[in-house]
Amino acid sequence: MTAALRRGARRLPLVLSRAHDSPPPLTTTPSSPPSQTPSMAPPQPRNLHSSSRRTTTMTSSSNHPPAMDPATRAPLSVLPLPMLLRSLLTAAVSSSPLLLPPSLRVMSLLAHSTSPLLNPDRNVLLRWAIKKSFYAQFCAGENGHEVGRKIADLKQIGFHGVMLCYAREVVLTEKQAKDLADGKSIEETEDCISSQIVPWMEGSLKSVRMAEPGDFVAIKFTGAGSLALHNLAKRLPPSPFLSEAIDSICQLAHERGVRLAIDAEQDSLQAGIDDWTMTYARKYNNQAGKATVYCTYQAYKKCVPAVLSQHLALAQKEGFALGVKLVRGAYLGSDPRHLFHDTKGDTDNCYDSLAASVLTRQWSDSVPGQGEYPEVQLVLATHNAESVQRARAICEAGGAKTKVAFAQLLGMADEVSCELLEASRAAKEISGASAPALPVYKYLCWGTTGECMKYLHRRAQENKDAVQRTRHDRDATWAELMRRCRNLLGMA
């Protein structure tokens with residue numbers, strides 16, 4: 001089995017692992033959090049809007065705008081002009097009641113069609129059109145060279161790192177899908193290993209190799225195929241070959257200083273995903289102050305505070321660090337409605353109270369516990385500006401006891417990301433090395449244009465479900481473009 005694993009690891013095809021379903025952004029102002037200890041400080045007014053700052057330097061038309069007066073730099077000014085224009089185009093389409101519905105229908109057709117004519121990987125003209133527009137906005141590249149260049153560009157802008165994910169999704173045969181639906185036992189056959197587990201393993205290993213120390217790689221266990229789905233649904237351990245495959249991914253990530261964020265998925269699979277994640281967290285999060293394996297918690301689910309408390313108690317008892325990636329959630333449209341909080345305000349309160357507890361390492365009504373808080377590290381993966389501001393307030397007040405990273409999707413919530421970059425830069429100029437760390441990461445999906453179509457369709461659908469944020473993004477991007485034009489004409 002080990003020899004087969006090694007043979008599989010040496011073959012690195014262009015086939016990629018399954019896409020990450022990022023949580024849909026929740027963008028309206030949250031209700032006031034409940035009276036709890038600890039609680040997020042109330043957000044301060046947003047004073048870093050891209051149109052409210054002025055630069056003393058004319059903006060050029062090059063890909064990277066020139067350096068500006070650090071005291072007056074607008075957050076979105078750090079974005080290259082092509083990225084800014086693509087963001088404006090995407091936000092304009094996503095916020096238009098006339099343009100968005102037909103765009104969604106086209107994206108859905110391209111994502112699910114089996115016709116070679118509608119497959120961007122076979123239709124050269126279609127591939128060129130998509131790759132120059134929506135693919136360039138939301139995806140990192142088709143190969144190691146393109147992905148590496150995108151990572152370098154983002155770090156040049158000022159982003160601390162990336163969260164890298166493969167776009168390939170496993171497509172089951174009709175028989176495999178029927179067997180899974182019927183609950184039939186699925187064996188670990190040579191065909192299952194070669195056609196599903198090995199490509200997922202190879203893609204994940206390649207992703208870890210492309211990431212740099214300190215970066216994240218997002219992993220979906222279900223990307224390993226039908227056997228993984230079956231075992232997760234039944235809360236069974238991974239099959240022997242799959243177990244070795246996951247071990248090889250974790251080991252490589254641990255050796256390279258890359259962190260693995262295990263994605264949350266549909267509720268019917270989540271208990272199994274949590275079991276597997278804790279198994280590998282015990283093994284690879286045992287180095288002081290370092291977590292390699294992160295579990296994802298969806299705050300819109302009523303059970304999540306209890307699950308997080310259980311995992312914290314387990315980490316406390318067994319002495320390993322708990323990696324926490326906190327999202328709002330991505331399966332509201334497919335999971336039973338009674339599993340989720342009744343209102344968006346309840347979800348916002350839950351998200352903020354969980355974040356406050358982990359960030360300050362204090363037990364609370366939402367996250368009950370006893371004794372010393374365990375070693376923990378936190379990723380706040382959110383497009384919600386108010387939640388980001390509440391976490392910032394804790395960090396800037398010196399209340400943060402946990403290492404925190406902020407993460408947003410590439411091509412979305414750029415103003416939230418760039419405000420964090422600007423706040424961190426300004427704080428360092430004032431306080432130097434003592435300034436609170438506000439590291440910002442961008443989530444990058446990569447793969448061929450055809451492999452990324454399902455991911456791109458989800459991003460389009462996500463924009464539809466976040467109209468207010470999309471309109472705000474459009475307005476902020478337009479304001480930044482007008483600011484650059486005024487500077488260019490000497491009208492600042």
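Student: Is M491 buried or exposed?

Tutor: Buried means under 20% relative accessible area, exposed over 50%, partly exposed in between (1.4 Å probe, protein chains only). M491 has a relative accessible area of 55%, so M491 is exposed. This is a predicted model: local features need pLDDT of at least 70, side-chain atom pairs count only at pLDDT 80 or more, and totals for chains, interfaces and linings use all residues. Numbering runs from 1 along each chain as its sequence is written, and side-chain values use heavy atoms, without hydrogens or water.

Student: Where is M491 placed?

Tutor: Helices are DSSP runs of H or I, at least four residues; strands are E runs, at least two; both are numbered from the N terminus. M491 lies in the segment after α17 (467-488). The chain has 17 helices and eight strands.

Student: How much of the chain is buried?

Tutor: Buried residues make up 56% of its 492 residues.

Student: How many disulfides does the rule give?

Tutor: A disulfide is a covalent bond between the sulfur atoms of two cysteines. The test here is a pair of cysteine sulfur atoms within 2.5 Å. The count is zero.
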